[in-house]
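Dear colleague,

I am handing over the structure we spoke about, and I would be glad if you could look through it before reading my notes. Those notes come after it.

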Amino acid sequence: MRATVFRGTQKVGLEEVEKPKAGAGEAVIRVTLTTICGTDVHILRGEYPVKPGLTVGHEMVGIVEELGPGVTGYQVGQRVLVGAITPCGQCRGCLSGHPSQCGHGEGLEAMGGWRLGNTMNGAQAEYVRVPFAQANLAPIPDELKDEQVLLLADIASTGFSGAESGGVRIGDAVVVFAQGPIGLCATVGARLMGASLVIGVDGDEARLAMARKLGADVVLDVRNQDVVAEVKRLTGGGVDVAIEALGTQQTFENALRSLNPGGTLSSLGVYSGKLQLPYDAFAAGLGDHRIVTTLCPGGKERMRRLMEVVRAKRVDLTPLFTHRFALEDIRDAYELFSQRKDGVLKVAIRP
Ligand SMILES: [Zn+2]
Ligand SMILES: [Zn+2]
């Protein structure tokens with residue numbers, strides 16, 4: 001079969017590899033739609049370490065091709081969505097209510113239940129082997145098309161979780177720093193949770209326009225205004241929840257400075273180097289602030305719930321697919337996506 005294999009920094013391409021087989025508790029899925037994530041670009045640039053020879057990709061819709069021993073309640077030929085995070089459903093992390101932290105942080109598994117396209121071969125291929133299949137295969141309702149559900153595997157689950165973990169209440173004011181795919185989904189999530197004012201912040205015209213389209217009440221362009229001052233003016237002092245969706249010192253600090261006393265900073269970004277907490281932004285520790293972080297929630301129950309949100313027409317994320325490619329052209333897709341050319345948000349890739 002053909003698969004997108006990482007061979008070293010800036011070396012990702014299509015190769016002929018052996019088709020996977022399902023072991024005990026596993027399933028093999030024939031991938032019908034996949035996409036490229038910002039994390040894959042970090043892998044491509046050598047900024048996130050994976051072993052050369054790994055098939056990348058962790059977002060997939062497909063059809064059950066093979067079920068390993070012990071996987072019950074599914075049929076070959078069934079359409080399924082698999083989350084980017086594949087928790088085992090059995091370990092201490094999973095059974096303590098933190099399935100994303102499955103495996104409890106051993107070594108590279110510090111990224112918890114993120115296995116596909118990280119420590120196991122991933123989804124940018126014709127077939128993918130899914131671990132802990134019983135906990136991770138979510139049947140797709142017939143009326144939903146692949147493009148309607150694919151983004152639920154990662155970016156929507158992550159983006160929505162920014163609003164959920166932040167504890168957004170009906171009537172809250174929320175600001176979302178950065179309107180990339182995950183930030184846009186956080187904007188959508190804040191609305192779903194009942195915020196009455198959602199402010200989207202970015203420095204890119206196309207992304208701000210998409211934020212408006214997907215439900216931001218106000219958008220602020222970081223290039224031409226003091227966004228913290230403007231957030232404070234719009235909210236009479238600060239927001240209830242600030243969601244950080246980029247992973248930089250600047251956005252983290254701006255999120256913190258945008259909060260009302262008692263507000264929550266809900267962080268989704270992935271940081272590197274040092275992250276500093278200026279005492280004044282933190283009210284010297286006296287502001288009753290909360291800082292929470294979330295790794296993409298996965299597992300079949302999370303996927304089922306998110307698909308219900310789409311089926312009930314509460315949300316439509318298909319406008320985020322700005323470009324479509326065949327698997328043969330995945331290098332072009334990487335080029336476009338990693339360079340952020342042509343207003344790209346997400347690419348849909350069909351094996
Ligand atoms: Zn991802
Ligand atoms: Zn587990």
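This is a predicted model: local features need pLDDT of at least 70, side-chain atom pairs count only at pLDDT 80 or more; totals for chains, interfaces and linings use all residues.

I begin with the parallel sheet, which is open and consists of 6 strands in the order β11-β10-β9-β12-β13-β14. Its edges are formed by β11 (218-221) and β14 (290-293), each of which pairs on one side only. Neighbouring strands of this sheet are turned against each other by 20° on average, with direction ignored. Within the sheet, β12 and β13 are joined in the parallel sense by 5 bridges, and Ala242 has Leu265 of β13 as its bridge partner.

Helix α8 lies across β9, β10 (197-202), β11 and β12, and runs at about 170° to β10. Helix α9 (residues 249-257) has as its buried residues Thr251, Phe252, Glu253, Asn254, Ala255 and Leu256, and what covers them includes β9 (173-177), α8 (227-235), β12 (239-244) and β13 (259-267).

A further pair of helices is α6 (residues 181-192) and α7 (residues 205-214), which pack at an angle of about 25° with their axes 9 Å apart. Because angles under 35 degrees count as roughly parallel, α6 is roughly parallel to α7. Their crossing is right-handed, and the contact is made by Leu184, Thr187 and Val188 on the α6 side and by Met210, Ala211 and Leu214 on the α7 side. Sorted by class, the residues of this contact are 5 nonpolar, 1 polar and no charged.

Elsewhere, the pairing is antiparallel around strand β3 (residues 27-35), which is joined to strand β5 (residues 60-67) by 7 bridges, to strand β7 (residues 127-130) by 4 bridges, and to strand β16 (residues 346-350) by 2 bridges. As for individual partners, Ile29 is bridged to Val64 in β5, Arg30 is bridged to Tyr127 in β7, and Thr34 stands opposite Ile349 in β16. Strand β3 is also mostly covered, since 7 of its 9 residues are buried.

With best regards

Conventions
Residues are numbered from 1 along each chain as its sequence is written. Chains are lettered from A and ligands numbered from 1 in the order in which they are written. Axes are lines fitted to C-alpha atoms, for helices over the stretch in contact, and angles run from 0 to 180 degrees between N-to-C directions. Angles under 35 degrees count as roughly parallel, over 145 as roughly antiparallel, 65 to 115 as roughly perpendicular and the rest as oblique. A crossing is left-handed if the near helix is turned anticlockwise from the far one by less than a right angle, and right-handed if clockwise. Two residues are in contact if their C-beta atoms, placed from the backbone, lie within 7 Å. Ala, Val, Leu, Ile, Met, Phe, Trp, Tyr, Cys and Pro count as nonpolar, Asp, Glu, Lys and Arg as charged, and the others, Gly among them, as polar. A residue is buried if 20 or more other C-beta atoms lie within 10 Å of its own, exposed if 12 or fewer, and partly exposed in between; C-beta atoms are placed from the backbone. Two strands pair if DSSP finds at least two bridges between them.
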